[in-house]
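Please read the following report alongside the sequence and the structure.

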Amino acid sequence: MTTDVWIFLGLAAIALASAISMLVSRNAVYSALFLVLNFVAVAVLYLLLNAAFIALVQVTVYAGAIMVLFLFVIMLLGAERLDTERALKWQQPAAAVLGVALLAEMAMVFFRGAGGPTAPSAVLGGAFGSPTAVGRLLFSSYVLPFEVTSVVLLAAMVGAIVLAREERGRRGEKP
Amino acid sequence: MSIPTDYLLALSVVLFVLGILGVLVRRNAIVVFMSIELMLNAANLALIAFARQAQDLIGQVLVFFVIAVAAAEVAVGLALIVTIFKSKHSIDIDQVSGLRG
């Protein structure tokens, strides 16, 4: 067990604990904050995996922008808690059974063909996964998808504005 | 020795299943949405692990696009939740049963 593996185990414990806490906390604000912790733990893990650029994107976009949006909507709606009665009694046990079944199935598919733990045997050079290399790939071979991404973001922005605005025009048309 | 890919895949699988459980169990629409983000995150972790295993940067580029699309998805999804809240005055997903036959 080398240092990297110990760091991985610590980060994995943080990620799992924060994910479970997100599921069980009754307050949606706590859920959001636990999810931020989870994203940051995974981002540090990306740093260990030669993915510095993705780690920083994860922190700025996921843990930053997206979670701020979540917290903003939670506080805007005042929807931290739901105290209503559960409508379907059998939902929780059924979800637990299905979740365990899915876990077993995914573990089987993933590890059936694998013969023991594998890691990249060759020592990866410092250039692999550097922001320079990723950026060069992004702006050469994948420049068209990159530009399409901007169109997707624009469409999402317009869609969000259209969905969330006050419908003054339609209200005015009503007799 | 660096981190074995199998460990990363195991973490990814467990995080994904936790996300699935969140979608199935929780009724707060915002928490359900956050669970979907958790699943995307687990898939990203698997992609990064495979990119390192194959020593190919395409996996990292794909993760970049996944994150960008997730940002767009969150913007539209939260706008939908706000709209649902305006009409139903609740974000309990059990209340949103207008399509039940």
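## Helix packing within chain B

Helices α2(B) and α3(B) are roughly antiparallel to each other, a term used for angles over 145 degrees. In this predicted model, local features need a pLDDT of at least 70 and side-chain atom pairs count only at pLDDT 80 or more, whereas totals for chains, interfaces and linings use all residues. Residues are numbered from 1 along each chain as its sequence is written, while chains are lettered from A and ligands numbered from 1 in the order in which they are written.

The axes of α2(B), residues 29–54, and α3(B), residues 58–88, cross at roughly 175° and come within 9 Å; axes are lines fitted to C-alpha atoms, for helices over the stretch in contact, and angles run from 0 to 180 degrees between N-to-C directions. Helices are DSSP runs of H or I with at least four residues, and strands are runs of E with at least two, numbered from the N terminus. Among the residues that meet are B:Ile30, B:Phe33 and B:Ile48 of α2(B) and B:Gln60, B:Val63 and B:Ile81 of α3(B), where contact requires C-beta atoms, placed from the backbone, within 7 Å. By class, this contact of α2(B) with α3(B) has 14 nonpolar, four polar and one charged residues; Ala, Val, Leu, Ile, Met, Phe, Trp, Tyr, Cys and Pro count as nonpolar, Asp, Glu, Lys and Arg as charged, and the others, Gly among them, as polar.

## Helix packing within chain A

Chain A has seven helices and zero strands. Helix α2(A), residues 28–48, packs on helix α3(A), residues 52–77, at an angle of about 175°, with the axes 8 Å apart, and α2(A) is therefore roughly antiparallel to α3(A). Residues including A:Val29, A:Phe39 and A:Tyr46 of α2(A) and A:Ile54, A:Tyr62 and A:Ile74 of α3(A) make the contact, which by class has 21 nonpolar, one polar and no charged residues.

## Contact between the chains

The contact takes 73 residues from chain A and 58 residues from chain B. On the side of chain B that touches chain A, the elements giving two or more residues are α1 (5–25), α2 and α3 of chain B, and α3(B) provides the largest share, 21 residues. That side divides into 43 nonpolar, nine polar and six charged residues.

The axes of α3(A) and α3(B) cross at roughly 5° and come within 11 Å, which makes α3(A) roughly parallel to α3(B), a term for angles under 35 degrees. Among the residues that meet here are A:Ile54, A:Val61 and A:Leu69 of α3(A) and B:Val63, B:Phe64 and B:Leu78 of α3(B); the contact has 21 nonpolar, two polar and no charged residues.

## A core drawn from both chains

The largest nonpolar core has 70 residues, and those with the most contacts inside it include A:Tyr46, A:Ile54, B:Ile30 and B:Ile48. Such a core is a set of buried Ala, Val, Leu, Ile, Met, Phe, Trp, Tyr and Cys residues joined through C-beta atoms within 7 Å, and a residue is buried if 20 or more other C-beta atoms lie within 10 Å of its own. The largest share of this core, 13 residues, comes from α2(B). Not counting residues up to four places away in sequence, A:Ile54 touches A:Tyr46, B:Ile48, B:Gln60, B:Val63 and B:Phe64.

## Confidence

The predictor gives the complex an ipTM of 0.92 and a pTM of 0.87. Chain B averages a pLDDT of 88, with 98% of the residues scoring at least 70; pLDDT is the predictor's confidence in each residue, from 0 to 100.

Conventions
Angles under 35 degrees count as roughly parallel, over 145 as roughly antiparallel, 65 to 115 as roughly perpendicular and the rest as oblique. Two residues are in contact if their C-beta atoms, placed from the backbone, lie within 7 Å. A residue is buried if 20 or more other C-beta atoms lie within 10 Å of its own, exposed if 12 or fewer, and partly exposed in between; C-beta atoms are placed from the backbone.
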